[in-house]
Amino acid sequence: MKKIAVLGAGLTGAAAAASLVRQGHQVTVFDKGRAAGGRMSSKRTEQGYLDMGAQYFTARSEAFTQQVKQWLEAGQVELWRCKTALLSDDEGVISLTASEDKQQRFIGIPSMHSPVTALLQDIPLITGCRVLRLDYQQQGWTLHSDTGQDYSDFDAVLLTLPPVQAQQLLKQSGLPELFRSASDVLEPCWAVAVQAQSIPWGDAIFCQHPQLRFISHQQHKTGRSSCYILHFNAAFSALHLEQSADFWFAKATDILQQELGVQGEIRALVAHRWLYASQRDQVPLPGLLALPERPLWAGGDWSYGGRVENAYLAGLSLAQAVLTYAEQQEGTE
Ligand code: FAD
Ligand code: NAD
């Protein structure tokens, strides 16, 4: 049995931890956030849960399809019966058209982080704990955290953090850097939640628009109320990265009123900045990364191309890397 530290309680970390625990290993998961979920987190508000990050997920691989089936059976996930539409801007002419397809899209119930929480059930999880530095000595890894507490004697470490954060941690620890250019991997996204009069546009609106990437209407999501979440695209989010929430509420209101004809009051709810949100196009996929001669691996959705499903698959691959290492160790003992 190995003692393993998993840094990051998003879906990658949760899938890795659950898989290792199933194989009889002892795992502790650490996250700087207040709860598990990472970019699948929903914010609890008076209006119900607001999905500020991932809006839904699809399942194409056999492994993830099987996992989704289990979540569905346990009531932790539901099919999102969403009407899809396309918002396009053709040289200033905005059009919204139905764009229906047969793709199955899933959501966590009652919030997007429910499946992550379900995987981590019964696994020690230390939240509100940012790991600042890692030390590797003969007896194993020690984690130094911003709470002032140290956690020692881990045989292996899995980093499931966005590349910039993983690289910073390695640098602060005097360890070799794993990424050639960590800042090139993930791009930002400002997410804005508002309450507005309901208009039968569709629930999942893909945007080919100079500013927007996606508009999601929460009306047909169990546990949520009739709010809209607007995701601004990476270029526009990056251009106005440091703007205040008021700027983003004004932008969202302007688009809804001027371009989509929404009438009546638009109430600002939450604006959230994701610094590391989505995979940058045309950058080679890094896959899993490993430190030379030390039992530490890094991986995440970014290893295989963003998306919730890829986070899950990265978690399984990270667990497999540790299992292979443990077998090799046993062979030499
Ligand atoms: P994360 O969820 O980012 O987890 C990493 C965790 O590490 C975080 O919880 C963080 O707090 C923690 N951490 C970082 N540094 C430290 C540290 N030093 N110490 C301790 N903990 C640390 N995908 C889809 O499939 N469908 C969608 O509709 C979709 N929409 C999206 C919309 C937005 C706005 C965003 C941001 C993402 C969206 N995605 C979507 C992508 C999807 O959310 C991600 O692919 C997935 O959640 C990534 O999971 P992860 O575990 O790899 O990383
Ligand atoms: P998917 O198959 O629903 O969508 C993949 C892509 O295909 C969409 O982004 C869209 O461009 C296009 N598309 C799909 N159905 C469409 C339709 N009916 N009409 C018009 N265009 C359509 O889901 P997936 O492959 O699991 O992708 C995950 C989703 O997560 C994508 O929508 C992606 O944009 C989103 N995402 C967003 C962020 C962010 O930062 N906002 C980060 C990661 C992923």
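Helices (H or I, at least four residues) and strands (E, at least two) are DSSP runs, numbered from the N terminus.

This is a predicted model, in which local features need pLDDT of at least 70 and side-chain atom pairs count only at pLDDT 80 or more, while totals for chains, interfaces and linings use all residues. Residues are numbered from 1 along each chain as its sequence is written, chains are lettered from A and ligands numbered from 1 in the order in which they are written, and side-chain values use heavy atoms, leaving out hydrogens and water.

Which residues of α2 are buried? They are F64, Q67, V68 and W71, and they cover an arc of only 100 degrees around the axis, taken from the directions from the helix axis to the C-beta atoms, which puts them on the same side of α2. On the other side of α2, E62, Q70 and E73 are exposed, and after the helix comes G75, whose phi is positive, near 75 degrees.

Turning to the rings, F64 and W71 also belong to a cluster that ring pairs form with F57, F106 and Y312, where rings of Phe, Tyr and Trp (its six-membered ring) pair if their centres lie within 6.5 Å, with planes under 30 degrees apart counted as stacked, over 60 as edge-to-face and the rest as tilted.

Definitions and conventions
Buried < 20%, exposed > 50% of the residue type's maximum accessible area, 1.4 Å probe, protein only.
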